[in-house]
Each structure stands twice: as C-alpha cells, then as structure tokens.
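Please look through the sequence and the model before reading on.

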Amino acid sequence: MASWSFSLDEIEAGERQSAWIDVLSRLRLPVADPGSMQAAAGAVTVATAPLGTEFALMSASAQTFSGRSVDLRSSAWIVAIIAGEGVLAGAGGETPVARGSLIVGAPEIDTTLRMDSDFRLLFVRFPQVAVSSRLVTPVERTVRAVWPDAGFNALFFGFLDTLAEQIGALGEDHLPAIEQSTIELLITLVASSGGMAARGGAAGARASHLRRLCQRIEARLSDPELSPVGIAAEDGITPRYLQKLFTAAGLRFSSYVRERRLERCYADLVSPIHAQLSISEICYRWGFGDAPHFSRAFRARYGISPSQHRDKVAEAELA
C-alpha cells in the first residue's frame with residue numbers, strides 16, 4: 001500500500017505547469033493541452049489499497065483531460081464529481097456533469113472531461129487483479145455518466161462523497177475493507193446500468209443469474225467444501241445448468257473460485273490487519289486445503305511467491 005499528496009501551493013509559480021503535468025502523468029491521466037496547465041491551484045491526495053485500487057482526490061482550477069490511458073494493469077475506472085461543473089464528451093456526444101455525477105469507463109477508451117469551473121473529484125482506478133474475474137458482465141467499451149437520482153446510484157455516490165471527505169484521515173488498516181466495498185459497488189453498478197444483464201431477453205437473464213451465483217460463491221469462498229454441486233443445490237438448479245451458465249460467459253467454476261481465493265489471499269498478505277497470520281493460515285482461511293498447492297497457484301498467477309509478495313510490500317513501506 002502507498003499514499004502520497006501534492007499541492008501546487010508548495011511550487012514556485014514558474015514551475016507549476018511542469019509540476020502539474022508530472023502529477024497527472026503519475027496518475028496516468030491524459031493531458032489535453034499542456035499550454036493551459038498553468039493552474040492557479042491544484043492539489044491531490046492519493047491512497048493505494050492492497051490489490052492496487054487507487055483512490056485519488058483532486059482539487060484544481062478549470063481544465064480539460066482528453067485522450068486515453070493505455071494501462072494494461074487497469075480494468076476499469078470511475079470518477080465521482082464532488083464539486084464543479086463540466087462536460088463529458090465522447091462518441092455518444094456531450095453530457096453535462098456536475099456534483100453527483102458518476103463517470104464509468106475503461107482505460108483504453110478516448111475520453112474528454114472538460115471541467116469549466118474549479119472542481120473537486122474522486123478518481124478511482126481498478127486494477128485487473130482486483131476486478132477482472134468479478135466482472136462477469138464486463139465494463140462496456142464506452143465511457144458513460146450516471147446520475148444518482150435515487151436508489152443504488154445515490155448510495156454509491158454517497159459512499160464516494162464520504163470517502164473523498166475522509167481520504168486524508170484513513171489508515172492502512174482501513175483500506176482493505178474500503179477497497180473490497182468499492183469493488184462490490186462497482187460490480188453492482190456495471191451489472192445494473194449496462195452490459196448483458198441490462199439488455200433483457202434470455203442472454204440478459206442468464207447474465208443476471210450468473211451474477212447471483214457469483215454472489216453465492218463470494219459468501220462461501222472460505223469454505224474448503226465449496227463445490228458446483230453445493231452452489232447449484234442452494235440455488236435450486238442442476239450442476240449441469242450451473243456449468244452451462246459459466247461456460248456461456250467464458251468461465252469455469254473451478255477457475256473462477258481459485259481466482260477469487262487467490263485475490264483474497266493476495267490482499268490479506270499485505271494487509272496490516274492480517275500481519276500476525278502466517279501464509280499457511282491465510283491460505284487455509286480462504287479455502288485452500290494444501291499450502292504447497294496454494295504457493296504454486298499463487299506464483300503461477302502473480303509471478304511471485306506468497307512470501308516474496310509479503311516481503312516486497314514490507315520493504316517498500318520501510319523505504
């Protein structure tokens with residue numbers, strides 16, 4: 001985990017433009033017009049959670065972000081407009097945005113966000129390791145604005161609004177729970193406001209059903225006896241139909257469960273809350289029945305052993 005902050009108040013006037021461009025580059029945000037980046041004001045506070053989800057609160061003068069961020073590590077991003085007004089422009093035309101807007105997109109899509117006034121926004125970038133296996137209904141290859149008029153969307157914005165207010169006061173032990181909560185909210189937003197599950201018909205019904213099955217799996221990841229037979233029985237369907245739903249989405253039940261367990265272990269290994277647990281205790285905690293098998297699966301997935309992953313993060317914190 002890592003956190004950092006920056007403010008143009010600490011930079012000489014003649015160096016502010018290049019300093020702000022460097023900050024945007026560090027955040028992997030596309031710069032629209034470097035000549036217009038002589039910002040009178042700008043500040044950023046960033047916190048990075050165990051799986052790599054990055055929360056960046058930005059307050060700055062009016063400016064435009066335009067282009068794409070080709071980042072192979074990222075799976076999706078969301079922006080919550082906390083204050084200010086502007087326009088989101090893309091292939092679908094222009095959409096006014098203001099406080100309360102949620103903007104959801106994929107990193108490789110060209111996007112223009114023009115903020116026409118002083119603004120404050122929370123930018124959340126989700127890495128592939130954190131959400132790819134969870135997004136049974138993938139993020140559409142577009143960028144869209146969502147207005148939280150009521151219900152779930154309003155709840156999601158309220159969560160991000162509060163997070164923006166408190167980001168500077170969060171400790172490392174808070175970030176794992178916040179990361180998991182934000183991922184769950186993103187997955188629900190994607191499933192409810194776009195993608196296959198929102199299209200209706202038989203395909204939409206299957207996608208919605210698969211999402212419910214994945215929620216059942218999530219609740220039982222720690223159970224070493226978790227099986228397609230058990231999940232199918234809980235849902236009142238046959239194991240064959242369950243496998244059919246996963247196959248239609250390009251997934252396998254066993255691979256999906258293993259991926260989710262590895263992701264939970266990956267996060268726990270670097271969480272201060274679980275620092276007292278051994279690697280074996282963490283792998284058993286998430287349903288792995290054999291520590292050597294877990295180590296091999298972890299290395300195959302992440303290219304590093306569980307102990308190296310834990311030590312690497314510890315070394316970074318001491319640096």
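**Helices, a sheet and a cavity**

Arg258, Glu259, Leu262, Glu263, Cys265 and Tyr266 in helix H8 meet Phe294, Ala297, Phe298, Arg301 and Tyr302 in helix H10, where contact means heavy atoms within 4.5 Å and helices (H or I, at least four residues), like strands (E, at least two), are DSSP runs numbered from the N terminus. By class, this contact of H8 with H10 has seven nonpolar, no polar and four charged residues; Ala, Val, Leu, Ile, Met, Phe, Trp, Tyr, Cys and Pro count as nonpolar, Asp, Glu, Lys and Arg as charged, and the others, Gly among them, as polar. This is a predicted model, in which local features need pLDDT of at least 70 and side-chain atom pairs count only at pLDDT 80 or more, while totals for chains, interfaces and linings use all residues. Residues are numbered from 1 along each chain as its sequence is written, and side-chain values use heavy atoms, with hydrogens and water left out.

The axes of H8 (residues 253-268) and H10 (residues 291-302) come within 11 Å and cross at roughly 90 degrees, where axes are lines fitted to C-alpha atoms, for helices over the stretch in contact, and angles run from 0 to 180 degrees between N-to-C directions.

Elsewhere, four strands form an open antiparallel sheet in the order E4-E9-E6-E7, and two strands pair if DSSP finds at least two bridges between them. The edge strands are E4 and E7 (93-97), each pairing on one side only. E4 and E9 pair in the antiparallel sense over five bridges, and Gln63 stands opposite Met115 in E9.

The structure also holds one cavity of 30 Å³ or more; on a 1 Å grid over the protein atoms alone, a cavity is a set of points where a 1.4 Å probe fits but cannot get out, and lining residues have an atom within 4 Å of a point. About 250 Å³ of space lies in the largest cavity, a volume being the space filled by probe spheres set on the points, which are joined across faces, edges and corners. The largest cavity is lined by 22 residues, of which Leu29, Pro30, Trp77, Thr111 and Phe123 lie nearest its centre. Among the elements that each supply at least two residues of this lining are strands E4 (63-67) and E9 (111-115).

How values were computed
On a 1 Å grid over the protein atoms alone, a cavity is a set of points where a 1.4 Å probe fits but cannot get out, and a pocket is an open set with protein on both sides within 12 Å along at least five of seven lines; lining residues have an atom within 4 Å of a point.
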